[in-house]
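This report looks at how two chains meet and then at some local features within each of them. Please keep the sequence and the structure in view while reading.

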Amino acid sequence: MAYQAFYRVYRPQSFAEMSGQAHVKQTLQNALLYNKTTHAYLFNGPRGTGKTSAAKIFAKALNCEKAPVSEPCNECETCKSITNGSNTDVIEFDAASNSRVEEIRDIIEKVRFAPANSRFKVYIIDEVHMLSNSAFNALLKTLEEPPAHVVFILATTEPHKLPLTIISRCQRFDFKRITATDIVDRMNVVLADSGIPSNDQALKVIAQAASGGMRDALSMLDQVVSFSGDEMTIEDALLVTGSIGQDIFYQLAESLLTKDVGKVLTLLEELMKEGKDAVRLTEDLITFFRDLLLMNTAPSLDELLELASGEEKFKQLAHQFPVDTLYRYIEILSATQQEMRYSNHAKVYLETALLKMSQVKVTTSQQAAVDLGPFEEKIAQLERTVIALEQQLKQGIATNGAQTPQASESQKRQRLRTQTGFKAPSGRIQEVLKTATKQDIQLIKSHWPTIMTQLQKSHAALLNEAEPVAASTGAFVLKFKYDIHCQMAADNQTFSSAFSQLLMNLTGKMYEILFVPEEAWMKIREEFIRNKGLKATDTDSDSDAASETSETEQAADEMLSFMQEEKAATEDPLIVEAEKLFGKEFVEIHDD
Amino acid sequence: MFSSIWKKIQNGEFSPIYLLVGTEHYFFDETIRRLKESLNQAGETDVLVFDLDEVPVQHVIEEADTIPFFTDRKLIIAKNASFLKATEKGKEKIDHDLKAFENWVQHPSETAITVFIAPYEKLDERKKVTKLMKDKALLLEAKPLEGNDLTVWVQSIVSKEHKSMTADAIARLIETVGQDLVQLQSELHKMATYIGEEPEITKDVVELLMTRTLEQDAFQLLNAYLRGDTSTALSVYHDLLRQKEEPIMLTALLASQIRLMSNVRYLQKKGYHAQAIAKQLKVNPYRVKLIVESRQQVGEERLLEVLHRLASADYQLKTSSGRRERILELFLMNRL
């Protein structure tokens with residue numbers, strides 16, 4: 001007899017022989033035993049996971065002369081004829097080569113006829129996704145109203161290509177990948193049966209490369225056996241399965257990790273010598289690092305891996321690379337890929353890229369954790385300094401204010417009332433009052449509504465109960481109704497800077513802002529007016545400083561009149577705005 | 001609605017014309033099955049099936065008016081009654097004689113039960129023939145079940161198999177399989193077969209046996225990504241790729257959704273209601289509602305960050321060679 005490949009000789013003939021797919025086997029066997037089979041089954045899963053085998057075994061068990069049984073006997077005439085494909089009631093149909101309507105119609109026409117010598121007519125349609133659209137429709141008609149004696153078994157690797165109408169008519173089974181251990185076990189059975197000594201290491205390599213497909217595993221085993229003669233070795237297995245590339249990539253990544261540039265370049269040379277194209281190699285490297293990335297970010301998605309296998313050593317390797325580094329690698333490689341398009345020296349580009357990659361700082365998470373210690377200390381230290389400086393700054397303001405005795409007095413009184421209350425910089429305010437002009441305050445007031453709308457919400461809220469009361473060319477006084485708001489505004493650095501920035505944009509002048517609570521303001525103002533009055537009488541006698549004093553006098557008068565006016569007028573920014581728009585003479589204020 | 005009519009059918013009270021409308025095929029199958037069962041009690045019945053996409057309605061009338069040979073009544077099933085729905089131009093291949101049909105509907109044959117199946121969401125209510133059918137025929141609306149009804153239905157199917165099922169198992173099943181009753185039924189049948197003698201379908205059984213349907217939803221992808229669930233995001237992404245979706249298209253779709261989310265957040269902060277937001281942004285209120293009610297509120301800055309990254313992914317997609325599907329994949333792997 002001619003030589004038959006392992007996967008053909010050792011096609012399982014009973015459920016017990018099938019590897020993996022426990023859930024499918026149990027369901028089908030129960031269905032057989034309790035006579036709960038349905039008219040259409042859909043077996044889908046990756047290649048070599050046992051779809052067609054399961055379909056054939058199921059067909060045999062259905063029609064076995066000893067039915068109902070959970071396993072075909074493989075002894076009766078029916079079983080035998082199904083095994084060798086001569087049974088007329090089990091129709092195997094390869095949709096890949098018979099995808100047209102005519103062909104499927106041919107077999108479906110015969111559906112109505114009762115089976116010749118078994119209980120069921122079983123249609124096994126392999127690669128069902130290859131059927132044409134009209135062929136699917138023809139099939140659907142039958143699936144919707146199948147005669148009682150017919151069972152359809154559709155098998156496919158690509159269920160998403162089937163129309164939903166077909167899928168919903170079938171009982172669907174997902175065939176899963178067969179685990180490496182199951183594959184190794186089965187290979188051992190095969191080898192023992194053919195009297196060939198086995199090598200566990202080699203078998204593992206094969207099982208890994210087969211990635212869950214039994215047929216792949218067995219045909220690779222076939223190759224290894226014929227390649228190695230008497231004794232199979234792990235080297236042979238590696239060679240036949242093509243796992244060598246994977247290994248070199250592994251070493252390459254490892255050398256990158258240890259920054260062994262020499263080794264990296266040697267490995268590249270080795271790959272190039274094997275006749276790999278540099279452009280293609282770049283693509284492969286991207287894929288490899290992408291696989292490592294995938295292991296890091298979504299470890300459960302083994303089936304999406306392309307170059308690296310889900311082996312333990314790759315997982316470990318992946319975890320040694322931080323995600324950022326992998327991104328950086330991929331970035332470098334894809335940039336290189338771009339550049340290569342315009343050059344004849346693709347290899348040089350790849351070499352530079354690898355050199356660049358070895359320069360990328362690899363900080364694994366552990367190292368980072370170690371490094372964090374001194375940093376934290378430093379940050380804490382800096383924080384302390386900042387706090388100290390801030391305190392100093394505040395004290396500086398306070399001492400500034402305490403220069404005038406009146407102010408310190410008022411401050412003391414204030415302190416008696418509210419322990420944590422805000423200390424108004426009355427000295428500075430007095431200064432401002434001295435040089436305050438009406439134009440300045442008008443200017444600020446006219447911009448007030450705009451400021452309120454342009455400020456951040458939280459900031460504007462602070463200013464709800466506040467209003468500008470006096471202004472000189474370089475500073476203005478902002479009065480708050482409550483201490484607490486004043487305090488908050490004064491403490492809020494971002495607020496003051498944002499606020500003065502806004503003012504500057506609108507008025508073109510840089511103002512210093514002085515915050516004052518209402519009560520303090522009243523006192524300061526009273527004091528100022530009293531002083532002014534005294535001073536005015538003083539200067540009358542003192543003619544030397546006449547020019548100077550007359551100026552201040554004027555300012556004070558202006559100030560006084562303005563303050564009175566201010567008292568009369570409602571300090572509504574709306575009115576100010578209206579006045580600005582229409583002119584003062586046209587604005588009448590009705591307060592109600 | 002169905003149970004009462006099914007009961008009548010069981011008791012032998014038939015209506016000469018049935019009209020089944022809707023998308024839920026399970027109800028079609030069940031109604032026909034019950035009709036057959038009930039008719040078969042009196043003896044083997046003739047069942048004739050017509051596909052109105054292939055034969056004109058005259059044939060159905062003719063058949064209905066022919067007196068059956070051996071039984072009192074025959075069952076006629078006319079599928080795809082497309083003349084009841086809005087016409088799609090250029091798609092009408094069959095010449096239905098609607099005049100004759102209208103006459104016939106007024107005086108249907110006594111010796112036949114005719115079932116018209118219109119597997120469409122909506123009929124064209126303006127059509128004369130539709131109005132007439134709704135008036136004369138017994139109308140059954142096969143709408144998809146939702147929420148609690150679905151759970152109750154699953155339970156009833158399970159108990160028919162003499163099994164029970166835990167609540168979390170039901171939830172998991174519906175979550176993955178969806179609302180298609182035919183599919184749910186077949187999954188349940190499969191699970192019941194799997195457990196054999198065991199009395200209960202547990203969540204583990206569901207996990208083991210259910211078939212993962214391909215995710216068609218780019219929003220699922222986005223939500224998984226925003227949730228930080230990289231695994232789900234990637235597997236949905238690959239499902240979409242398998243269905244030949246373009247990465248560029250997906251990028252644009254994701255970006256538009258992110259932009260909408262960011263707009264909604266902004267208006268929400270200004271105190272707008274969902275309705276007002278939808279009006280302002282001129283988008284479907286349902287989309288806004290989903291965003292407003294979503295459990296995970298993503299910060300505005302993060303949204304902008306994602307948008308920025310999508311923009312650069314888009315740029316790369318349009319400029320770089322190499323494998324295009326990789327770029328969006330890398331974007332998805334880069335967790336926020």
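A salt bridge is taken here as a side-chain nitrogen of Lys or Arg within 4 Å of a carboxyl oxygen of Asp or Glu. The model discussed below is a predicted one.

## Interface of chains A and B

By this rule, 7 salt bridges are found across the interface of chain B and chain A. One of them joins E145(A) to K79(B), whose closest N and O atoms are 2.9 Å apart. On the side of chain B that touches chain A, at least two residues each come from α2 (25-40), β2 (47-51), α8 (181-195), α9 (203-209), α11 (230-242) and α16 (324-333) of chain B, and α8(B) gives the most, with 10 residues.

The contact involves 38 residues of chain A and 43 residues of chain B. The area buried between the two chains is about 3500 Å², and carbon and sulfur atoms give 51% of this area. Of the area that chain B buries against chain A, 15% is supplied by Y194(B), R326(B) and M333(B), which is more than any other three residues supply.

## An enclosed strand in chain A

Strand β1 of chain A (residues 40-44) is largely enclosed by the rest of the structure, because 5 of its 5 residues are buried. Both of its faces are covered, with A40(A), L42(A) and N44(A) buried on one side and Y41(A) and F43(A) buried on the other.

β1(A) runs parallel to strand β4 (residues 150-156) of chain A, to which 5 bridges join it, and in this pairing L42(A) has L154(A) as its bridge partner.

## Helix α16 of chain A

The 18 residues of helix α16 of chain A (residues 323-340) should span 26 Å at 1.5 Å a residue, and the end C-alpha atoms agree with this, being 26 Å apart. Among the buried residues of α16(A) are L326(A), Y329(A), I330(A), L333(A) and M340(A).

## Two loop residues with positive phi

N74(A) is not a glycine, yet has a positive phi of about 60 degrees; N74(A) lies in the loop between α3 (51-63) and α4 (77-83) of chain A. Its relative accessibility is 26%, so N74(A) counts as partly exposed.

In chain B, K282(B) has a positive phi of about 55 degrees although it is not a glycine, and K282(B) is placed in the loop between α13 (274-281) and α14 (285-293). With a relative accessible area of 76%, K282(B) is exposed.

Terms used:
Residues are numbered from 1 along each chain as its sequence is written. Chains are lettered from A and ligands numbered from 1 in the order in which they are written. This is a predicted model: local features need pLDDT of at least 70, side-chain atom pairs count only at pLDDT 80 or more; totals for chains, interfaces and linings use all residues. Side-chain values use heavy atoms; hydrogens and water are left out. Helices (H or I, at least four residues) and strands (E, at least two) are DSSP runs, numbered from the N terminus. The expected span of a helix is 1.5 Å times one less than its number of residues. Buried means under 20% relative accessible area, exposed over 50%, partly exposed in between (1.4 Å probe, protein chains only). Two strands pair if DSSP finds at least two bridges between them. Contact means heavy atoms within 4.5 Å. Buried area is the accessible area (1.4 Å probe) that two parts lose on being put together, summed over both.
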